[in-house]
Structures are given as structure tokens and as C-alpha cells.
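Keep the viewer open and follow along as we go.

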Amino acid sequence: MTQTLRPPRGLWRRVSDLFYLHPGLLLFLLLVPPMLWMGIIYLGSLFNLLLYSFYSINGFTGQLEYRFTLDTFKTLLTTPANTDIVIRTVLMALAVTLACGLIAFPIAFYMAFYTRGNTRTLWYMLVLLPLWSSYLVRVYAGRLILAQEGVVSWFFAQLHLSWLLDAILKTPVLGGPSLASSYFGMFVVFTYIWLPYMILPLLASLERVPKSLIQASADLGARPGQTFRRVIWPLAVPGVAAGSIFTFSLTLGDYIIPQVVGQPGFFIGQMVYIQQGTAGNIPLAAAFSVVPIVVITLYLLLVRRLGAFDAL
Amino acid sequence: MKAKPSLALRIAAIAGIAFLHFPLLIILLYAFTTEDRTYQFPPPGLTLKWFGVAFARQDMWAALGLSLRVALVATAVALVLGTMVAGAMYRFNFLGKDVVTLSLILPIALPGILTGIALLTTINRLGLEPSFWTIVIGHATFCMVTVYNNVVARFRRLTPSQIEASMDLGADGFQTFRYVILPGIATALLAGGMLAFALSFDEVIVTTFTAGQDKTLPIWFLSELFKPRERPVTNVVAIFVTAVTFVPILLAQRLTQSGEELHGGGKTT
Amino acid sequence: MQTAVQLINLTCIFGNVRAVDRVNLEVYSGEFFSMLGPSGSGKTTCLRLIGGFEAPSSGQIVLFGQDASRLPPYARDVNTVFQDYALFPHMSVLDNVAYALMVRGVPRAERHRRAGEMLELVKLSGMEHRRPSQLSGGQRQRVALARALINQPRLLLLDEPLGALDLKLREEMQIELKALQRSLGITFIYVTHDQGEALSMSDRVAVFNHGQIEQLDTPKGLYEHPQTEFVARFVGSANILEGRLIGLGEGRFALRPERVRLVAGSEPGAHRLVGRLLDVHYLGSQTRYEVQVEGGRITALAPSQEEILPAGSVVTLSWDATSLRPLADGIPARPEASV
């Protein structure tokens, strides 16, 4: 009686039989549409961008010449203004990465070793919410509190520390007319925006430190400082490295923050934006956008030695 | 480890979290200020009028409408494509699996500006006009990665024997998908979809390049930042945007319970 | 006797591992058939091939006279109880059991009635609306059984179904499973690495090693007449003697410990060995003696006596010539199978 009851699923069942006999066909059908999308639209575009960086703008006619040349890269690397931009951006990315690491460590450490259950979930959400909330709103918030007559200035005034703020603003290079238009202010906003990207991988790697290991280290007579240096830090390094990939790469490519908060001095992202837009020099924009790829690749090679990819 | 953290550690941790949240509170406060040209602190007075002003702005509504439509379509595309890759990666071992993984990491590993300018140069080269669909294409690309991350994490928790048991009991591949696999990954799909939606709704870096003359809400917002008048309107919209993105994120967190799948989850700008 | 399953030169290769290697086998209708072997011996892969979860690299699977080698699982009149039970976590117990009927389009009332009956059969009435996560291991096992039986398959495959249960529950379930198999008259193919389980429940047992069958026999035949050293050691325990034996010729022989007699003192002779008692393990009704003899060790198992010989004593071991079982060479380990 079991055999007789089979609903009329003829076509579906035949297709299903086909997939059973030829699993490769199912794989092919599953993989082809998304991979076509990724391959053609995304990777294809990246490749096209790369091609453009080997084209150039004719100096006389201002027309784009579709001919292979290294001129654009030569312009990029030999113009002092351009190399300044690259150096400035890389330095900023390094500074932001360092600051994120310093601020993130106590948070991740506290979460990993001193929170449990609901408290842990609450802390987790407190880190996650800024990560997922609107990037633009957060950039705006940064500019808003750093404004000349804004919250930060007010606090400094209340604490009778206005002289300190003025001293920071008068510092050559770092300072500016106000925090909202200075490299220092930009640095604060970058750090504020990318901080969660450092906390999460760091937390993930600290969570993997077995509590028993720390106990064992203490039992063996290690002072807290020694336990930290010998036991916790080596295990946290991959997390720090993974987080730094995010903070470094994100700072390197950003063009909104330098535009909203900051000095007239350009950053790589802004150059890409301006060159393709108002300047209309797409080859130079493309060449500039190759710079982050190269720098990030170098950076990845460097941090791979620290085991960052295990913590991603 | 000691049972209680040192005071210094506790202060450092709390100060760090405060640093992450304080600016958003200030945004809220400034939505009520009576001063509309500077960011004077403390605000000279408080008023509710900016909410009315903001809601009367037609251009804001138009931008919001465009953003919602883009996010819906991009999320739908991403759900289908992302789930397909996740299924393939879960079910099969094949040559070139690493290449697929790499191509899915790239959109989050490389700065968003690269995706943006790459798409723009390609759009120009092909002689296309930036439009609704070019925005959607850009968004769907990184939303797909978010959906993929969520769904593939859930797939890994689905034991293969459940699928085998279903086939063993007489269900063909399609019935197994409908009755066993789909219920198993449903919440991950929902969570991934919501995160993708929030991501698309908020995206500005890629959109700047692919939008042409169209204004999504973030682009509208960005242009407002450089206007000297009616500044509190920007704050009202900022609160609104924050609320709209928070809801799906909190729901997604609920759906994945621990929220571990949300980790970064493809959220880079 | 009617044949339920016939495997002809069945081979399954994963990468460079021959998980199942040219297996030929017939399982009769109504039989309780066990596949016994250590992990990696190919027994589970063989079961999965019969269920349709793996595709054979070559060879044939004939189910009830029909070639089923290329049939998907849903088209085979075979059901499976999985090692991890594979219950659907998002469905109630009742819906789990009724699943096979649901996908065949049986109306809801009808399928719930029959699922209820199956639950009664496995003594789980009253649990219909629970989720699998709310059940104990033993209860989940019963749900898996009810779910696999609801279609009244002619062949039930069981993949180490009792592996996750504790000892007492396992023994109870062994008795129940055997009784169930008898009353339903369904052919059971039972995969296990537990020789006691295989011996106590089965009509016949196939001992797997390196993807092949070392020996196929009744439980008594396997134990009393092991044909290879592997089988002798894997099914029960055995002393392996090697050399020239009076009246039996040259070769290797298996000798079960309980067939060895042990007396104090030195009394050499034919089919006797003198040695020194190394260790004595008191097991309750029986006592196990480890004896060092020239060229090796011998284990003897004897009913416990009031007086137990102390370790270090000189003892003489003896046995009947008929207790020695000549052994053939087993299946050699192939290098590619050792992964």
C-alpha cells in the first residue's frame, strides 16, 4: 500500500533524480549565477579600473588615451604633492590603528574576563550597535562635538583647560583653526568610527584564552604583569593584527571623513574622488586607487606573520 | 584571574564605551536646539519645530523613498544569490572553492571607494547612465556577502544527516529543501536580509559613485552637512536614520541569539 | 530463502581511499544482519551505499531483485535509523514520525493517526507534541525508529543506533529491537563496532576490515571458527599460537582463553605449556590469568575458585587439540587504505 500513494510530482521528481545522478549539475546551477555576478560585475570592474590606471590623459587635448603607458603612475610617484598625500594617508592610518588598539584593549579585556551572561550580552550590543549604526550619522556626530563652539570646547572651558586645547590647536601640522578642521580632530573621528572593528576581533581572540591557563600561570607564581606578558599578550596578538587590518584598510580608503572633518590637505580617498569627478582624470584616480591595494597587500603580508587570519 | 577587575581597567573599559556612544547622544540633543547656524553648546534653548520642518521637506522624502526601494531590491537579489553560494559551499567540495571564498572576502577587505570607482569607470566605459539599477547593482554586491556570511554559518550547524533522513523518508530534493533546509536556515535568512537591508539603507561610499544625479537618503544627508542653515534638520534625519537601521539590527541579533554571526558580517564602508 | 539485498563487487572510492572494496554479499529476507568492524573498516559506507547516500564507484546494489545502484534514497524501499537520529528539530515528535507520509501526500488526519500508532508501538504515547530537544537520548532513539518504520519498509538500515546510549539502556534496547524485528518481520541491517551487540542480536554477521569482508557467518560460527587472526581477535579475545603442532601441521592457530586449562606446577607434555603466572584479574564469576610462556603470553579464563593462585607461581597450561582453530591470512592493509 505504501507504493501506491505517490503524489503526481513527475517533473520535480525527475529534476531531483537528475541532480542525484549528476550532483555537479546542481553545483553548477547554484554557483554560476552568483559567481557570474561577482566575476563579471565586481572583479570585472576592478580589472577595468586597473586597466584605466595604465591609460593616460593627453596633456594637450585633455582627452583620455586608451593606450598602455606607465605615465600616470610616473606622475603619481614623482609629483611631491601626490607622494605627500600617500604618506599623509598612511601615517594617519597607522596612528588611527594604534589609537584603536590602545582604546579597544581594555574594553575587550574587561569583556572577555569579567563579564558573563546578560552583562556580556549588554556589552556586546554596546559594541555592536555603533558598528552597525549609520556611518554617516556617526561622522556627523564627530564633527558636531568637535565644532569650535561645540561640546568638547565647552568641557575644556568648564575644566579651565582651554589653554590645553589652544596648545593642541597651535601645534604645527596637527592643529588648525578648530578641532573640527584639524588633523588632530580628524584623527579623533577616525578612531571613534573604526573602534568597534578593533574591539570585536580582539575580543574573539581573548575569549579563546582559556581561563584555566591564566589560573595555572598564577598558581605557578606569576605576577599579574608576567601573566599578561607571557600568557595573554601572545594569544591576543592575532586579534590585534586582525583588527588592525580593518582599521588600517578602512582609514586608507575613506574619503568622507577628511571631507567633513579636517584640513585642506588631501587624502588618497579624496584624490580618487576628485580626480574622477571635477578633475575628470580617471586614469589618475585609478592609479591613486591602486595605492591602497598595494599598501594593504604589503600590510597583509606583514600581519600574516602574526597569525591574523586565524582571528578574522 | 582575580575575581574583580582593577579600578583602572574598569574605568578604561567604561570610558572606551562612553567614547563610542556619547556623540550619538549629542546628535539627539542638537535636534532640539533653537540655534540653527552653529553647534553652540549648551544649546541656547530647546524646541520641537525642527521635526516639523524636516518632515515638510519633499527632497528628504524623495531620498528616503529611493533608499527604501534600493534597499529592498538589493536585499532581495542578495538573498537569492547569497543563499545559492552558501548552499554550494556547504554541500560540495570542489576545485576552486578557495577562489570563491576569496572573491567573497574582497568586497569587504578592499576599501569601499575601490568598489565605487571601479563600478563607475565600468559604467562609463560601457556607455551606461547611472540610475536606480546601477545603485542596486553596487549594493547587491556587498549585501550578498552579508547574506552569505549569515547563511553559511547556519548551514554549518545543520547536520547533513537531517537532509539524508528526509531523502530517506521519501522526500525528493525539492521537498527536502522546502520542509527541512528552509526551516533550518529561515532565521539566518531573515537576519542576513535585515542586515543587508540596514547596510544598503546606510551606504554612501559606493553609492556616491553609482548614483549619478539620484539622491539616496545618505547622499541627501551628506549634502545637508555642508549647508549652513537649518542644521537641526540634519539631526532630526540622523535620529530617524539611526532608528530605522537599529530596528533590523536588534531583530537580527535576536534571531541569531548570540549575535556571533553578526561579527563585522560584511559591514565595511 | 528470498534475497533482500545483494551486493555485487560493490566498490566505493573516496579520493585515494577504497572505503568499500569489491564487496559481495547477500542478505536474506527477514534476517537480522550485522556489519561489524572497527571504525574506518567500511561498514558504515557500505550501509550508506545501500541507503543511497553515497554513489558506488563500481559494482551493483540489488534490492529485492531490482538494480538500485543509481536510485536516489527517496526511490528506495529502504529506511534508515541514523547514528545521531537526525530528527528534525523544528518539528514536533508527531510530525517527525509522520514526515514520510506527509511527503507522500497522505491527508493530515490519516497520517497523524498512523504516526500515533507508531509512537504507541515504540512506547512513546503522550510525547506527540514535544520537540526532539525536549526528549532524552533513549526517547529520541525511539522516535527515530518510529519515523523510519512508519512506511513499513521491507528493509531497515540501522547505523550504530545505540552508540550514544548508556550501557543499561543499550541492553534494554537490544532486546526490544530484536523483538520488534521478529514481530514485524522486516529485514534489519545493523552496523556496529560492538562485537557483543552483533553476536547477541544477529542471525548472521559480516566482519569488515579494510573495506572488505573478512568473514561472514553466524555469531556462533564467527566465535567458534574464526578464519583469520583479525576476526579471532576482534570477535571475543584469542591467543594466537604459531608453529608446528602435533596432528595439525604448521601454521597459526587461535585458542579462546576459556578453552585453556590451568593447573599449578610444572607438568610438560603434548598440547601443554609451562609458564609463570604474570597477573591475575578477578572478574567475579571468572578469573583471568596472564601467563608468560616461552615465546609469548597466553591468557586463560577459568571459573573463579576459592583459592586464587598468586602471581609468580609456576603453572601448566593445557587444551584439547580440537580447541585450536587454524587461521588463514586475513585481508592485508593496503597503503592507500591507511589514511
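**Chain C as a whole**

Please keep in mind that this is a predicted model. Chain C contains 8 helices and 18 strands. Its C-alpha atoms fill a box of roughly 80 × 45 × 40 Å along the principal axes. Of the 339 residues in chain C, 52% are buried.

Chain C has an open sheet of 4 strands in the order E2-E1-E4-E5, paired in the antiparallel sense. E2 and strand E5 (66–67) are the edge strands, each pairing on one side only. The table sets out two of the pairings, with one pair of facing residues for each.

| Strands of chain C | Bridges | Residues that face each other |
|---|---|---|
| E1 (residues 3–14) and E2 (residues 17–28) | 8 bridges | C:Cys12 and C:Val20 |
| E1 (residues 3–14) and E4 (residues 58–63) | 5 bridges | C:Leu7 and C:Ile61 |

The hairpin of E1(C) and E2(C) has 2 residues between the strands, and C:Gly15 takes a positive phi near 60° there.

**Helix H5 of chain C**

Helix H5 of chain C covers residues 167–184, 18 residues in total. From its first C-alpha to its last the helix reaches 26 Å, close to the 26 Å expected at 1.5 Å a residue. Which residues of H5(C) are buried? They are C:Arg170, C:Met173, C:Gln174, C:Leu177, C:Lys178, C:Leu180 and C:Gln181.

What do the buried residues of H5(C) pack against? Their partners in chain C are strands E3 (32–36), E7 (155–159) and E8 (187–192), together with helices H3 (108–121), H4 (137–149) and H6 (195–201). Just after H5(C) comes C:Gly185, with a positive phi of about 70°.

**The nonpolar cores**

The largest nonpolar core has 179 residues, and those with the most contacts inside it include A:Tyr135, A:Trp194, A:Phe288, B:Leu217 and B:Phe221. Helix H4 (residues 80–114) of chain A gives the most to this core, with 16 residues. Apart from neighbours within four places in sequence, B:Leu217 is in contact with B:Met60, B:Ala63, B:Leu64, B:Ser67, B:Phe201, B:Val237 and B:Val241. A second, separate core has 47 residues, among them C:Ala86, C:Leu87, C:Met127 and C:Leu135.

**Between the chains**

B:Thr234 sits in helix H11 (residues 231–255) of chain B. Is B:Thr234 buried or exposed? B:Thr234 counts as buried, because its relative accessibility is 3% and the cut-off for buried is under 20%. Leaving aside neighbours within four places in sequence, B:Thr234 is in contact with A:Tyr140 as well as B:Phe221, B:Glu224 and B:Leu225.

Chain B also meets chain C: 18 residues of chain B are in contact with 23 residues of chain C. About 1,700 Å² is buried between these two chains, and carbon and sulfur atoms give 60% of that area. On the chain B side, B:Glu164, B:Asp168 and B:Leu169 supply 40% of the area that chain B buries against chain C, more than any other three residues.

Terms used:
Residues are numbered from 1 along each chain as its sequence is written. Chains are lettered from A and ligands numbered from 1 in the order in which they are written. This is a predicted model: local features need pLDDT of at least 70, side-chain atom pairs count only at pLDDT 80 or more; totals for chains, interfaces and linings use all residues. Side-chain values use heavy atoms; hydrogens and water are left out. Two strands pair if DSSP finds at least two bridges between them. A nonpolar core is a set of buried Ala, Val, Leu, Ile, Met, Phe, Trp, Tyr and Cys residues joined through side-chain atoms within 4.5 Å. Buried means under 20% relative accessible area, exposed over 50%, partly exposed in between (1.4 Å probe, protein chains only). Contact means heavy atoms within 4.5 Å. The expected span of a helix is 1.5 Å times one less than its number of residues. Buried area is the accessible area (1.4 Å probe) that two parts lose on being put together, summed over both.
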